[in-house]
Amino acid sequence: MVTWTPWRALEPEFPMGGLSLAETLDGGQAFRWHGDGDGVWTGQWADVAVRLRLNDHGRLEWSAPVELGKKVPEALRRYFALDRDFVELADRLPWRSDPHLARAIETFPGLPILRQPLPETLLAFLCSATKQIVQIKQMLGLLAERFGREVLPGFRALPDWNRLDSVSETDLRACALGFRARYIKAVARILGGRPGWEETLTALPYPEARDWLMQLPGVGEKVADCVLLFGAGRLEAFPVDVWILKVMRQRYHLEDWTLHQIAQFGRIHFGSAAGLAQQYLFAYERRVAAAAKPPN
DNA sequence: ATCCAGGTATGCA
DNA sequence: TGCATACCTGGA
């Protein structure tokens, strides 16, 4: 077992309510966080493991295995994209003429878009097709447990694409991946022998980056946008899934619009931070659904 | 039991 | 282009 550092506040200070922390870590952006039910979250990305909580003043505090303590603050600042002001970005969204968006922003003040490692974001969203968050977490947990490198006792990183290329499709399927195993195997075959792909992709403008990703098997418009939004900080990416489709149709009275029309409308209506608006709408709708049907 | 779950690729009009 | 259908699997 690892020894954890004392809790320390993350600098610089940034606003985040308790709701937003849960929604950020366990709301469909990331899939490797585990809440203890009492406000403490343990999570991993790349070769980082950390625990997070909010103190009485609403400030984010972290504790890490002592071996990682030195690099964790900088890793956290990148992960939470603290170079961005999400309150300001949200304020620039068209909430003044959009009551529904206004309600969502009010409910999750300071909700950020994470900047996760690109390779594992791609892996996560390849797993996401027609799966719920708990299932995706299960898949990634199995992949890390079976094929990931041990970072510290009890903590394994997700396997990189080179490693995944060496895993059989059968063994991938055994991680509850289903038909997604075939896609992951095929993507690993492509990316495993192409170590510079991440830099190449990062350097591309959004439309080209999206097209590049969509050439990969199993990556369509939605997954490509999720990878760019949550794994590359491209806030203009606007993933349209069944939830967003439903929200836009109902709340914006676009009942008979097609998915493609909705996607186009969203990009125009919400603008250069459309992805942030998407996350607000998604978070709000999940909350409404959870309130309507509490867990038993 | 049958249906559905943060989609994508494929096959036909 | 545009719209159905199959694709894995576990839980409700």
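Guide: The discussion below goes from the overall fold to the domains, a helix and the DNA surface. This is a predicted model, in which local features need pLDDT of at least 70 and side-chain atom pairs count only at pLDDT 80 or more, while totals for chains, interfaces and linings use all residues. Residues are numbered from 1 along each chain as its sequence is written, and chains are lettered from A and ligands numbered from 1 in the order in which they are written.

Visitor: What does the secondary structure of chain A come to?

Guide: Helices (H or I, at least four residues) and strands (E, at least two) are DSSP runs, numbered from the N terminus. Chain A has 15 helices and seven strands. Its radius of gyration, taken over C-alpha atoms, is 19 Å, close to the 19 Å from the globule rule (2.2 Å times the number of residues to the power 0.38) for 296 residues, so chain A is as compact as a globular protein of that length.

Visitor: Which domains does the assignment give for chain A?

Guide: Domain bounds come from an automatic or database domain assignment. Here they are domain 1 (14-80), domain 2 (82-110 + 234-289) and domain 3 (118-232). The centres of domain 2 and domain 3, taken over C-alpha atoms, are separated by 25 Å.

Visitor: How many residues of domain 2 and domain 3 are in contact?

Guide: Two residues are in contact if their C-beta atoms, placed from the backbone, lie within 7 Å. By that criterion, nine residues of domain 2 touch seven of domain 3.

Visitor: Why is helix α12 described as largely enclosed?

Guide: A residue is buried if 20 or more other C-beta atoms, placed from the backbone, lie within 10 Å of its own. Ten of the twelve residues of α12 are buried, so the rest of the structure largely encloses this helix. Among them are V223, L228 and F230. The buried residues of α12 pack against α5 (118-126), α10 (197-203), α11 (206-214) and α15 (274-292). After α12 comes G233, with a positive phi near 65°.

Visitor: Which residues are around DNA strand C?

Guide: A residue is near a strand if its C-beta atom, placed from the backbone, lies within 6 Å of it. Around DNA strand C these are T130, R173, A176, G178, F179, R182, T258 and H260. By class, this surface has two nonpolar (Ala, Val, Leu, Ile, Met, Phe, Trp, Tyr, Cys and Pro), two charged (Asp, Glu, Lys and Arg) and four polar residues (the others, Gly among them).
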